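Open the model in your viewer and keep the selection panel at hand. The tour below goes stop by stop.

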Amino acid sequence: MNPPDGEAGAALVPDADAALVSRSCEVSDVSFGSFLAAGDRHRIHWAAPDGLEVVGGGAAARLTADGPDRFETLRRDAETLFSVVDHEGPAATRPRVFGGLAFGADHDAAGVWEGFPAAAFTLPAVQLTRVDDGTYLTVTRYGPDADADGAEEALAAARDRLDDLPMMRARGEKPGVVDTEWLVDREEWTAQVASVIDRIRGGDLRKVVLATALRVDLAEEIDIPDTLGRLRRTYPECYRFLVQPTGGKGFFGPPPERLVRREGEVVETEALAGSMPRGDTPEADAEYARSLLESDKLQHEQRLVVDTICEQLDAFGTVGEGQQDVRKLTNIQHLQTPINAVLDGDTHVLTLVEALHPTPAVGGLPLDLALSTIRETETWDRGWYASPVGWFDAAGDGEFAVGIRSGVAGGREATLFAGNGIVGDSDPADEWDELQPKVRPIMDELEREARTE
Ligand SMILES: C=C(O[C@H]1C=CC=C(C(=O)O)[C@@H]1O)C(=O)O
């Protein structure tokens, strides 16, 4: 499905002499899975629980950045990229770039993260967009020679290729799991948690989110579009995303947590922290929900996140805290508080992402001390785990999820991630148990046999 990158003189990197031209047409509903499966580079998938779903293949342009100035570089290059835009089509199909950033600016694009820069966003060359009122095909050209005729021709060609795709993609078998290994196992991880608890009790540190990763060997090659299709059914209340910069590994998952969404002057975010399992019966489930709401430890964890997010947004406008609630996902429930803001000025969503990431739901408090504790304690590379993933457009609007409940996979290998917020009265063994459901969303789509425990 992908056209060759850089065809027709397209510039993959922002260029002051380039124009961005995009054309869209409505199509009958097509299989987003088939479209994704037919692409081999720069595959992206974004689905928000409130309806917008986009799949993209090929790159009309890419924004990449690294180092401590990566947000500044992205904002500057985005301004160049979007300086001349000729778009014809519904607003939902306007040019947006999709991607994300690594957890830390010192990211090393090695190992499972080969091909993943410290920040990477793609303007898809060909894209399908599904919104309430229909499904659209969009083709985008970017470069000094990009023009309306070229974009219209490319749209007609993409439409022909779309006609050749299967309308429905038959569900494949789950790949099957041959072996699993925690990169930091129970014994080592609970010892790490115990040492972090000691640090919290002994000083200025208040909360640290410690994570580990599960390395999974698969019996067959993973089909990520198929896996995402299944996750749509099992976790309909979550985001779904895929970032796959090369033909190699893809970072994907069904994260429940919104980092931020900006639309004009309105900003919406949330604090999601503190977890309990789902109960097997309505009574047991309600009991877990009650203990979430009544636990001093979990309320403390949640309060730290709410207060920090509110303080961080305060610099940009008028902030409001919503009513705390219990967010029930298929296999876990969390404390959640919606937070919104009305912006004073024209703050780019990337600026909001920069201010908010990492929230204390994935980093800790105070942030610098928590991050140095994570760096000293975690013996593996977070890469893009727990990082901002999402999109932004020419106006600086956009939406980002927090890349948790996620994994990076390709061929017969997957690495899944899970972390927990540790506070002074955490119990290491309980924290290990609380960690387990966080790898289940993806793990359940890899294992063929139902679990017996
Ligand atoms: C860091 C993760 O979850 C965060 C989000 C919600 C609840 C959390 C908790 O209960 O500790 C974590 O802060 C993860 O899923 O890897």
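How many nonpolar, polar and charged residues does the shell around the ligand have? By class, there are 10 nonpolar, 6 polar and 3 charged residues in the shell. The model is a predicted one.

**Stop 1: the ligand.** Select the ligand and the residues around it. The ligand is surrounded by 19 residues, and the closest are Ser275, Ala361, Ile404, Gly419 and Gly421. Now colour strand S9 (207-218), strand S13 (266-277) and strand S21 (413-422), the elements that give two or more residues to this shell. S21 gives the most, with 5 residues.

**Stop 2: the two domains.** Colour the protein chain by domain: domain 1 covers 7-163, and domain 2 is made of 177-221 + 258-383 + 395-446. Their centres, taken over C-alpha atoms, are separated by 28 Å. Where they touch, domain 1 supplies 14 residues and domain 2 supplies 11 residues. On the domain 1 side, select helix H2 (residues 70-81), which brings the largest share, 3 residues. That side of domain 1 has 8 nonpolar, 4 polar and 2 charged residues.

**Stop 3: Leu101.** Select strand S5 (residues 96-101), where Leu101 is found. Is Leu101 buried or exposed? Leu101 is buried, because 29 other C-beta atoms lie within 10 Å, and 20 or more is the cut-off for buried. Next, show its contacts beyond the neighbours within four places in sequence: Arg70, Ala118, Ala119, Ser387 and Pro388. To finish, draw a distance from Leu101 to Arg70: the two are 31 residues apart in sequence, and 8.9 Å apart in space, C-alpha to C-alpha.

Technical notes
Residues are numbered from 1 along each chain as its sequence is written. This is a predicted model: local features need pLDDT of at least 70, side-chain atom pairs count only at pLDDT 80 or more; totals for chains, interfaces and linings use all residues. A residue is near a molecule or strand if its C-beta atom, placed from the backbone, lies within 6 Å of it. Helices (H or I, at least four residues) and strands (E, at least two) are DSSP runs, numbered from the N terminus. Ala, Val, Leu, Ile, Met, Phe, Trp, Tyr, Cys and Pro count as nonpolar, Asp, Glu, Lys and Arg as charged, and the others, Gly among them, as polar. A residue is buried if 20 or more other C-beta atoms lie within 10 Å of its own, exposed if 12 or fewer, and partly exposed in between; C-beta atoms are placed from the backbone. Two residues are in contact if their C-beta atoms, placed from the backbone, lie within 7 Å. Domain bounds come from an automatic or database domain assignment.
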